[in-house]
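Dear colleague,

Please find the structure below, handed over for your use.

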Amino acid sequence: MADQSQPTDAELVIAVRGGDRQAFGRLVQRYQRQATGVAFRLLDNRDDAMEVVQDACCRAFSKLRSLSDPQRFGPWLLRIVGNLALNRRRDRAVRRTISLDRPADASSSDDPAPGGWVASKAPGPEELASAEELKAAIGRALDELPEKQR
């Protein structure tokens with residue numbers, strides 16, 4: 001049986017919408033443990049999980065007016081946590097760890113290895129400069145070709 005002295009999620013959401021920020025704190029306290037559990041299960045990293053929960057709470061607060069059923073605050077918040085955690089995990093997969101000690105064919109493992117480095121898909125400043133130099137060199141070489149060969 002529910003404790004009648006505790007306000008429902010819907011009552012707290014309505015209070016937050018009316019300007020009561022402490023009511024949002026009560027909502028967050030109510031679901032913080034579950035939210036952290038969801039994020040940790042998806043990320044397997046305590047610090048990342050805590051950060052995702054914090055981001056989810058900030059988003060939930062800013063989007064609270066879009067919640068159509070105030071009684072469903074808990075599942076809504078947990079959905080936000082899950083989506084953010086999955087996004088974080090996907091971003092982490094892009095920056096996989098590669099060991100400098102392993103042969104190239106063994107570097108496809110997802111296991112981080114000591115002495116590994118993070119490979120990012122985004123080009124760094126050196127790569128961008130090198131690409132510009134290569135582009136200019138190709139342009140010069142094309143200019144030197146006879147008209148028919150260009």
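The side chain of D9 makes a polar contact with the side chain of Y31, at 2.3 Å; a polar contact is a pair of N or O atoms within 3.5 Å, where within protein one must be able to donate a hydrogen and the other to accept it, and residues adjacent in sequence count only if both atoms are side-chain atoms. D9 is found in helix 1 and is buried, with a relative accessible area of 4%. (Buried means under 20% relative accessible area, exposed over 50%, and partly exposed in between, with a 1.4 Å probe and protein chains only.) Not counting residues up to four places away in sequence, D9 touches L27, R30, Y31, P70, Q71, F73 and G74, a contact being heavy atoms within 4.5 Å.

Please note that this is a predicted model, in which local features need pLDDT of at least 70 and side-chain atom pairs count only at pLDDT 80 or more, while totals for chains, interfaces and linings use all residues. Residues are numbered from 1 along each chain as its sequence is written, and side-chain values use heavy atoms, with hydrogens and water left out.

The pLDDT, the predictor's confidence in each residue from 0 to 100, averages 82 over the protein chain, and 74% of the residues score at least 70. Confidence is highest in helix 1 (residues 9-17), at 97, and lowest in strand 2 (residues 117-118), at a mean of 52. Helices (H or I, at least four residues) and strands (E, at least two) are DSSP runs, numbered from the N terminus. Over residues 111-116 the pLDDT is below 50, although this stretch has 11 contacts in the model beyond near neighbours in sequence. Where pLDDT is low, the predicted coordinates should not be read in detail.

Turning to charged pairs, the whole structure contains six salt bridges, each defined as a side-chain nitrogen of Lys or Arg within 4 Å of a carboxyl oxygen of Asp or Glu. D48 forms a salt bridge with R88, the closest N and O atoms being 3.4 Å apart. D48 lies in helix 3 (residues 46-62) and R88 in helix 4 (residues 73-94), so this pair ties together parts that are 40 residues apart in sequence. D48 also pairs with R92, with the closest N and O atoms 3.3 Å apart. At 18% relative accessibility D48 counts as buried, whereas R92, at 32%, counts as partly exposed. A network of salt bridges links D48, E51, D55, R88 and R92.

Yours sincerely
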